[in-house]
Amino acid sequence: MIPACRLVDLPRGEAFRLDIDPPVSVFHTDDGELFAIDDTCTHQDASLADGWLEGCEVECPLHASKFDLRTGAVDAPPAKLPVRTHEVLVEDGMIYVQVSTDAPNLPPCVASRLAGGPA
Amino acid sequence: MVGASLAGLSAARSLRKQGFDGRLVIIGDEIHRPYDRPPLSKEFLAGGIGEADLALEMDGEDLGAEWLLGTRAAGLDRTERAVRLVGGGEDGREIRADGFVIATGAAARQLPGSDGLAGVHVLRTLDDARALRDELAQGGRLVVIGGGFIGAEVASTAHALGLDVTVVEAAPTPLAGPLGEDMGRIVSALHVDHGVRLLCGVGVKGLSGESRVDAVLLEDGRTVPADIVVVGVGARPCVEWLEGSGVVLDNGVKCGADGRTSLAGVVAVGDCASWYDPRAGIHRRVEHWTGAQERPAAAVATLLAGGAVEPGVPRPPYFWSDQYGVKIQFAGHAAGADSVTVEEGAPDDRNVLAVYRRAGHPVAVLGMNQPRLFTRWRKQLAAMTS
């Protein structure tokens, strides 16, 4: 479990990015639910925490791919691969994330950079 | 479905999502399955991603459609309710249908007199991008005719590949149409920042070269030597095939705010369609990726309901561009603005969030490397105009 931030510091409609590798973001929906997904869009290098949160969906700030926060599934292109979802827990007012052990779907440019290839 | 690019694919997805379980035929003039065009001037042209990365369909996605690719619609017969095909293995075939979605897109404008001259390119399709990518790999001097977004992105990509690049723009300020004079000047200064020559306010008289281009001739008498020329002077809607069909054309297919055309059972989406904008009270042909992605859902609802649905107000148009490592984003319409204010960052740093206002009300927003703030403003703009 990784501590993210205090619940009072994450208002509804906002997102908090955990700077781990790869980064993970916690979203607080307008309905008061908390979800954690990979922060990097699977299409290209963009932070979903900067995106457009609406209902249980976040739209990538750059190219408008949409992801379902509950499942990580792609709701709108150009992304084709889902983001991972992570378990979220709130204890004593603190938000914790249990990072998935699945392999992340990183965009080609980020994946090649991590592999030491050309960006 | 006439057209098999983003708008066509989005419409096909919407049809299935909205419960249409009948026969669906998708006609595409290119031989390729639907692919994403924005990277063609950026990552794909730079060699960072390959053709498989461009595919728009997901693995295992099955829309239950018959794909007729590499064949073109030559006409629409309103009484027979049929589309006539030319080319490919379907030459002369007629496809009858109860409903039609027109999504034939736009084609790159050519420079008159450039036919058959090697080294002269436009960039619209995957085949265009392949050909240009292969030539850019040879290096040399590139002249880009047109300082719009396609031209600017090609210049940026080619500069990163090590070519010697010149951009020629007929208007005094590039991008003044979509971004306004002030911001057009700031964004197009990226060329100069990176050592790319930018020649503004001068038209192109012609090209010189025997079988291969060797220079661009300017109207002021100057000659710009070139090994490769890219013509980026806009696109025209692909609607000639509809002439005489009864579908009213006016800078593309003239549509209502819900995508309906002048013929019942026919809707149009994407770059070929000029939708009525209820906020502005005019028709606009919007060539943005996001329009081709978002609007088909409304058009398909219109088609399935026979025009009985009240169209929702679409979000303000949004587009992006990547140039010289700077992420440029724009939403709304600059044309109606009477002021532009920098809200964050500094133009000289090429890091800026600028808001366009008309009578004090925000009508558009521009971001350079400001994705987070830009999204907030874009959301606010949508909330204000819905």
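These legends walk through several close-up views of a predicted model. Local features are described at pLDDT of at least 70 and side-chain atom pairs count only at pLDDT 80 or more, while totals for chains, interfaces and linings use all residues. Residues are numbered from 1 along each chain as its sequence is written, and chains are lettered from A, with ligands numbered from 1, in the order in which they are written.

**View 1. Helix α1(B) is mostly covered.** Helices (H or I, at least four residues) and strands (E, at least two) are DSSP runs, numbered from the N terminus. The expected span of a helix is 1.5 Å times one less than its number of residues. For the 12 residues of α1(B), residues 6–17, this gives 16 Å, and the end C-alpha atoms are 16 Å apart, which agrees. A residue is called buried if 20 or more other C-beta atoms lie within 10 Å of its own, exposed if 12 or fewer, and partly exposed in between, with C-beta atoms placed from the backbone. By that rule, 10 of the 12 residues of α1(B) are buried, including L6(B), L9(B), R13(B) and L15(B). The buried residues pack against β1 (24–28), β2 (65–69), β6 (100–102) and α8 (289–305) of chain B; two residues are in contact here if their C-beta atoms, placed from the backbone, lie within 7 Å. Just after the helix, G19(B) takes a positive phi of about 95°.

**View 2. Five strands of chain B form an open, parallel sheet.** Two strands pair if DSSP finds at least two bridges between them. The order is β8-β15-β9-β10-β11. Since β8 (120–121) and β11 (197–200) of chain B stand at the edges with a single partner strand each, one side of each is left without a neighbour in the sheet. Look next at β10(B), residues 164–169: four bridges join this strand to β11(B). V168(B) stands opposite L199(B) of β11(B).

**View 3. β12(B) and β13(B) make a hairpin.** Four bridges join β12(B), residues 204–208, to β13(B), residues 215–218, and the two strands run antiparallel. V204(B) has L218(B) as its bridge partner. Six residues lie between the strands, and G209(B) in the turn has a positive phi of about 145°.

**View 4. Chain B meets chain A.** The contact takes 15 residues from chain B and 15 residues from chain A. On the side of chain B, the elements that give two or more residues are α8(B) and α9(B), residues 371–385. α9(B) gives the most, with five residues. This side divides into six nonpolar, four polar and five charged residues. Here Ala, Val, Leu, Ile, Met, Phe, Trp, Tyr, Cys and Pro count as nonpolar, Asp, Glu, Lys and Arg as charged, and the others, Gly among them, as polar.

View 5. Most residues other than glycine have a negative phi, and most peptide bonds are trans. A cis peptide bond joins D21(A) and P22(A), with omega about -10°; P22(A) lies in the loop between β2 (15–18) and β3 (24–28) of chain A. Another cis bond joins P77(A) and P78(A), with omega about 10°. D92(A), with phi near 50°, sits in the loop between β9 and β10 (94–98) of chain A. D92(A) is exposed, because 6 other C-beta atoms lie within 10 Å. In chain B, N369(B) has phi near 55° and counts as partly exposed, with 17 C-beta neighbours inside 10 Å.
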